[in-house]
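Subject: Structure for you to look at

Hello,

Here is the structure I said I would pass on. My notes on what was found in it come after it.

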Amino acid sequence: MEKELAYALDTFYFLISGAFVMWMAAGFAMLEAGLVRAKNTVEILTKNVSLFATACIMYLIIGYNFMYGGGYVLPGFDLILSMADNSAEAVTAGGDDAPYYSNLSDFFFQVVFVATAMSIVSGAVAERMKLFSFLVFAVIMTGFIYPIQGLWSWGGGFLSEVGYSDYAGSGIVHMCGAAAALALVIILGPRRGKYGADGKVNAIPGANLPLATLGTFILWMGWFGFNGGSELAVASVDSANNVARVFVNTNMAASGGLIAALLVAKAMFGKADLTMALNGALAGLVAITADPLSPSGLLATIIGAIGGVIVVFSIVGLEKVKIDDPVGAISVHGTVGIWGVLAVAVFSGASFGAQLIGIASIFAWTFGLAIIVGFIIKAIMGLRVSEEEEDAGVDISECGMEAYPEFTNE
């Protein structure tokens, strides 16, 4: 009975953590809808709900097998590998090697991670990428690109063998999504009007900062499932204590990142920039994701604060080289994702060499494949909307409706 109760509790924890991470999809949708212009709101929301559904289907049919089934799919879409769940006899009679959670709960927890990686891409390509071209890319990203590099680490592949350490995915999830986003942004080019003829960077403000702020809080909350659930257990004293520590460190890193970014923005721009503060909180969360268990609360705050400083300089730096990212996703998840992976070596004793191999492998694979896929999609069906459609807003051309019909479009 004791093992059955522990099994039930750990399974329930997987499912609740997965639900928290699924809620991050709402956070990404609200954040991105707030940071784009009003005329592009419906389309970015459509991308976010559609990419989530696409990710779930592709990971069920193909991706989960690649990542946890030894890198194969056929015959018979074998995921289903794990879809035969554990019997009560297996749980109680297997000794220390007995399964301690439902296989289906593991799939559910993993599938919301791949959706998170894809959500990073949607914000970076906002306001100029065709909806269905984006969804075709989502099929490849969630079915193949993400799960194959996930196999290298969480699936027991060569990165895990060299000692690469990434507790909840600063590199495996966040940098992977950012690398794909960077590839597509390079192919797409900047939004019209973002850069003047003299190279001047023109600000393009978002339409709804209250919505962006709400999205940030939703993401902050969802991250407790993202990091906390990655302990993968809660039914023992040690694992319960670990989960509590992860929650505290996750929260403190976000706080450190927000305050640091706010102060840096004030020093650089003379004003308290809300968008930088929001991205600072997210940067702190990304930074601590690679190891939210080992640090003290104060050290977690410092790790997050360094992420908050980095993200401001990264956003400004990428704009100067004409990498146009409307929501700062490449900086938050990519630049700071790299910092998070390296922070494990700096503060937790992981091998610098292993961490660098992980960063290089994940980035090279994801960026390289994304560039190839992006150019193929561009050749076959086009990647970017027309200049006229972009000027009018992609809501009408791509979705045939407006988010705020009572107001005049820009």
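Leaving out neighbours within four places in sequence, S17 is in contact (heavy atoms within 4.5 Å) with F109, G225 and G229. S17 is part of helix α1, residues 2–35; helices (H or I, at least four residues) are DSSP runs, numbered from the N terminus. S17 counts as buried because its relative accessibility is 2%, where buried means under 20% relative accessible area with a 1.4 Å probe, protein chains only.

**How to read this**

This is a predicted model, in which local features need pLDDT of at least 70 and side-chain atom pairs count only at pLDDT 80 or more, while totals for chains, interfaces and linings use all residues. Residues are numbered from 1 along each chain as its sequence is written, and side-chain values use heavy atoms, with hydrogens and water left out.

**Cores**

A nonpolar core is a set of buried Ala, Val, Leu, Ile, Met, Phe, Trp, Tyr and Cys residues joined through side-chain atoms within 4.5 Å. The largest one has 100 residues, and V121, F137 and Y146 have the most contacts inside it. Not counting residues up to four places away in sequence, F137 touches M118, V121, A180, L184, A370, V373 and I377. A second, separate core has five residues, including A33, I44, A126 and L211.

**Pocket and cavities**

On a 1 Å grid over the protein atoms alone, a cavity is a set of points where a 1.4 Å probe fits but cannot get out; a pocket is an open set with protein on both sides within 12 Å along at least five of seven lines; lining residues have an atom within 4 Å of a point. Grid points are joined across faces, edges and corners, and a volume is the space filled by probe spheres set on the points.

The largest pocket has a volume of about 590 Å³. It is lined by 26 residues, and the closest to its centre are K194, I204, T275, E319 and P326. Helix α12 gives the most to this lining, with four residues.

There are three cavities of 30 Å³ or more. The largest cavity has a volume of about 70 Å³, and its lining includes F28, L31 and E32. Helices α1, α5 (103–124), α11 and α13 (329–348) each supply at least two residues of that lining. The second largest cavity is about 40 Å³ in volume. Helix α13 provides the largest share of its lining, four residues.

Regards

Key:
Buried < 20%, exposed > 50% of the residue type's maximum accessible area, 1.4 Å probe, protein only.
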